[in-house]
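Thanks for passing this one along. Here are my notes, in numbered points, to read with the coordinates open.

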Amino acid sequence: MIFLGDYFDYGSELSEVLDILMELDRPAVFLLGNHEYEFLSFIDLYGDTEERKNKILSHFDLKPNHLEWLYSKLSISYENNFAFFSHAGLDDRKTIEEQGLKDLIYSCFRPNLSHVTSKLVVQGHLPIDRVKKYGNHLFVDTGCGLGGKLSAYIYPEEMVIQN
């Protein structure tokens with residue numbers, strides 16, 4: 001299983017979401033989204049003492065184990081023989097090797113990416129009404145945190161599951 005990030009987004013049950021992810025009993029890859037990046041950057045900048053860090057965590061109803069999990073488990077991207085996964089896709093002006101952190105968490109709509117890679121490129125980040133594929137580029141964020149559906153894509157069967 002690969003989770004595409006933005007566990008922090010729109011919602012008031014962040015600690016519950018993180019608890020569910022932390023308790024998964026199967027192998028999973030958790031990708032860094034722009035919202036987690038911004039939260040961790042904020043913690044790094046303003047949580048310079050235990051007191052300040054705990055105050056920030058308390059504001060978000062989080063505990064130190066949530067923060068430890070975020071720092072230890074989030075990856076910028078994941079790649080296997082068939083696909084490349086990142087929170088926000090790829091910058092289509094660069095090769096995969098040239099992609100930087102901000103490309104992978106802030107890029108947005110780029111249709112077919114076959115000129116960058118022959119692999120399937122899977123991303124979230126951009127809420128759309130249904131899972132859509134443009135050439136080798138797959139968008140799977142269907143706006144669950146905004147009242148839309150929670151969607152999953154099963155590969156290689158090319159099957160979509162939604163709630």
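The points below cover the sheet, a few residues and the salt bridges of this predicted model.

1. Let's start with the sheet. Five strands make up an open sheet with mixed pairing, and their order is S4-S5-S6-S8-S7. Strand S4 (77–79) and strand S7 (132–134) are the edge strands, each pairing on one side only. On average, neighbouring strands of this sheet are turned by 15 degrees against each other, direction ignored.

2. One pairing is worth a look in your viewer. Strand S6 (residues 120–123) and strand S8 (residues 137–139) run parallel and are joined by three bridges. Within S8, His137 is the bridge partner of Val121.

3. Thr117 sits in the loop between helix H5 (101–106) and S6. Is Thr117 buried or exposed? Its relative accessibility is 10%, and the cut-off for buried is under 20%, so Thr117 counts as buried. Beyond its neighbours within four places in sequence, Thr117 is in contact with Leu90, Ile96 and Asn136. Thr117 and Ala83 are 34 residues apart in sequence, with a C-alpha to C-alpha distance of 9.2 Å.

4. Helix H2 (residues 34–46) holds Asn34, which is buried at a relative accessible area of 7%. Which residues does Asn34 contact, leaving aside its neighbours within four places in sequence? They are Asp6, His87, Ile105, Tyr106 and His125.

5. Leu45 also has its place in helix H2, but Leu45 counts as exposed, at 55% relative accessibility. Together, Phe42, Leu45 and Tyr46 make a nonpolar surface patch of about 320 Å².

6. Now the charges: the salt bridge count comes to nine. One of them pairs Glu50 with Lys53, with the closest N and O atoms 3.0 Å apart. Both residues lie in helix H3 (residues 50–59), three residues apart, which is about one turn of the helix.

7. A second salt bridge links the side chains of Arg110 and Asp92 at 3.6 Å, N to O. Arg110 is in the loop between H5 and S6 and Asp92 is in the loop between strand S5 (83–86) and H5, so the pair ties together parts 18 residues apart in sequence. Arg110 is partly exposed at 23% relative accessibility, and Asp92 is partly exposed as well, at 26%.

8. The side chains of Asp103 and Lys94 also form a salt bridge, at 2.7 Å from N to O. Asp103 is buried, with a relative accessible area of 12%, whereas Lys94 is partly exposed at 29%.

Methods. Residues are numbered from 1 along each chain as its sequence is written. This is a predicted model: local features need pLDDT of at least 70, side-chain atom pairs count only at pLDDT 80 or more; totals for chains, interfaces and linings use all residues. Side-chain values use heavy atoms; hydrogens and water are left out. Two strands pair if DSSP finds at least two bridges between them. Helices (H or I, at least four residues) and strands (E, at least two) are DSSP runs, numbered from the N terminus. Axes are lines fitted to C-alpha atoms, for helices over the stretch in contact, and angles run from 0 to 180 degrees between N-to-C directions. Buried means under 20% relative accessible area, exposed over 50%, partly exposed in between (1.4 Å probe, protein chains only). Contact means heavy atoms within 4.5 Å. Patches are made of residues with over 30% relative accessible area and no salt bridge: like charges are joined within 9 Å, nonpolar side chains (Val, Leu, Ile, Met, Phe, Trp, Tyr) within 5 Å. Accessible areas come from the Shrake-Rupley method with a 1.4 Å probe; for residues, only the protein chains shown count as cover. A salt bridge is a side-chain nitrogen of Lys or Arg within 4 Å of a carboxyl oxygen of Asp or Glu.
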